[in-house]
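Me: Hi! Could you walk me through this structure, a couple of strands at a time?

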Amino acid sequence: MIFIDKNASLRSLPAVGRLLENPQTLATFADFPLALVSQSLAEALTQLRNLWAQDPGPSELEWAQMTQFASILARAKRVLEAHLSSHLRPVLNLTGTVIHTNLGRAPLSFRALQAVHNVASQYSNLEYDLDVGTRGSRHDHVAKRLCALTGAQSALVVNNNAAAVLLALRALAQGGEAVVSRGQLVEIGGSFRIPDIMAQAGVILKEVGTSNKTHLRDYQQALGENTRLILKVHTSNYRIVGFVHQPALTDLVELARQRQIPLFEDLGSGALFDFPAAGVGDEPTVARSIKAGVDLLSFSGDKLLGGAQAGIILGRQDLVTKLRGHPWMRALRVDKMTLAALEATLTAYEDPELARREVPVVRMITASYQEMAEKVAGLAKAIATDEVLSSVLKIDQVDAVSRIGGGALPLTDLPTRCLQMRARDLTAKELFDQLRTVPPVPIIARIVHDAVVADPRTLLPGQEGMLLDSLRHWAQSKTTALQE
Ligand SMILES: *Cc1c(COP(=O)(O)O)cnc(C)c1O
């Protein structure tokens with residue numbers, strides 16, 4: 001029996017100070033601050049001590065290898081790189097849900113990214129009017145374009161749609177009543193619930209109608225001396241079907257005009273692209289609400305629009321001016337990066353074909369089943385011809401549906417073709433979890449009927465290679481595990 005003196009082995013580990021004295025250490029970490037290097041070396045040594053203390057610990061041979069000078073340096077380098085890498089990082093969205101709130105909602109168009117880079121890496125005319133050489137307004141950069149695209153009189157952009165609704169309620173109805181249909185008292189995930197937002201804005205909620213039916217006469221009867229606003233809320237993430245009624249938008253507009261009370265519509269997603277014309281869903285465009293005569297409306301910049309996180313407010317000039325001058329405006333205003341991304345995204349909407357080509361969200365939503373089938377066939381072929389991948393992954397091609405997500409068009413199914421994946425000796429949940437943590441880019445798929453299903457609809461152009469790369473990483477870890 002060989003007796004190993006554990007403590008002696010541990011004592012053979014060099015101290016951080018000695019490692020730092022070595023020229024090779026300095027060469028390896030030349031570009032990094034000394035404090036970080038020393039911290040990483042200390043962490044690497046702690047890891048080794050912990051490994052040694054494990055039961056069973058490393059064999060003598062393994063221990064000799066991992067405590068070699070070069071191995072310790074390599075370990076410290078990994079520690080340092082992990083420390084410096086971004087916590088917020090890309091993932092591959094294979095869920096087929098296009099506007100996926102957990103995965104960052106809308107990926108930006110190339111044009112938008114360029115605009116952000118251009119404006120954020122240099123000084124800009126954010127609040128400087130180049131024509132007259134005096135202070136300008138950050139709102140002017142996108143307002144004209146928004147009005148041209150939608151037919152609105154005036155426009156304003158704030159941090160997100162939640163902020164837009166809050167600001168509109170506060171600026172137009174504080175201390176008074178806002179009338180809302182009981183069928184529209186929505187909750188949009190998290191803490192955004194219409195009754196709570198009303199309370200926070202200092203507005204008294206006046207509910208009318210019932211959950212399923214609200215008539216024009218319900219509104220008529222509810223309007224009184226204290227009414228400041230009629231609020232219409234898009235029931236983004238749910239539909240009430242069956243015995244239901246809501247007055248037509250034009251009737252509400254008419255009523256608001258008669259009583260001289262502004263009508264504000266929270267559109268939720270708000271589309272600038274005519275999706276129904278492309279055969280997808282029944283969401284009318286923002287322009288339709290403006291044309292119908294809504295006094296003010298708001299919607300998100302990063303849902304169906306496919307731009308940066310923002311809340312876009314459109315409508316009557318006098319109302320927008322009121323919001324613009326409100327003391328809360330400063331707290332809700334958007335950053336230059338948002339404005340740059342939004343302006344560039346909007347230019348694509350000058351032409352529907354351009355929007356379809358350029359704006360990832362629009363492109364993904366309007367992509368056909370045929371396109372998906374071709375993508376999946378390509379991926380399946382690449383996997384089948386890869387020796388390592390095909391040895392651990394069983395692939396099928398199956399029909400499924402993609403979702404638009406983000407609370408937009410919850411009932412709209414987008415027919416799609418998916419890659420169904422199974423791995424030997426793994427449950428679907430285990431495979432899903434392993435893919436979720438695989439380097440270099442995590443794969444987020446779905447579990448359907450005991451298999452992992454990957455929908456290529458939400459894969460961006462050029463990401464097929466990244467997907468195969470991550471799959472290979474995963475497969476390699478499987479095969480080495482099998483050999484051990
Ligand atoms: C999504 C949504 C909001 C919130 O918009 P954000 O841009 O996420 O702040 C508000 N109202 C409705 C109806 C929505 O669908």
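Reply: Happy to! Two strands count as paired if DSSP finds at least two bridges between them; strands (E, at least two residues) and helices (H or I, at least four) are DSSP runs, numbered from the N terminus. This is a predicted model, where local features need pLDDT of at least 70, side-chain atom pairs count only at pLDDT 80 or more, and totals for chains, interfaces and linings use all residues. Residues are numbered from 1 along each chain as its sequence is written, and side-chain values use heavy atoms, with hydrogens and water left out.

Me: Great. How many bridges join β2 and β12, and in what sense do they pair?

Reply: There are 2 bridges, and the pairing is parallel. I99 sits opposite G405 of β12.

Me: What's the strand order in that sheet?

Reply: β2-β12-β13-β16-β15, an open sheet of 5 strands with mixed pairing. β2 (97-99) and β15 (446-448) are at the edges with a single partner strand each, so one side of each has no neighbour in the sheet.

Me: Switching topic: is β9 buried or exposed?

Reply: Buried (under 20% relative accessible area, 1.4 Å probe, protein chains only). That holds for 6 of the 6 residues in β9 (263-268), so the strand is largely enclosed by the rest of the structure. L263, E265 and L267 point one way, while F264, D266 and G268 point the other.

Me: And which residue in β10 partners E265?

Reply: L297 is its bridge partner there. β9 and β10 (296-300) are parallel, with 4 bridges.

Me: What about β8 and β9?

Reply: β8 (227-233) also pairs with β9 in the parallel sense over 4 bridges, and V233 stands opposite D266.

Technical notes:
Buried means under 20% relative accessible area, exposed over 50%, partly exposed in between (1.4 Å probe, protein chains only).
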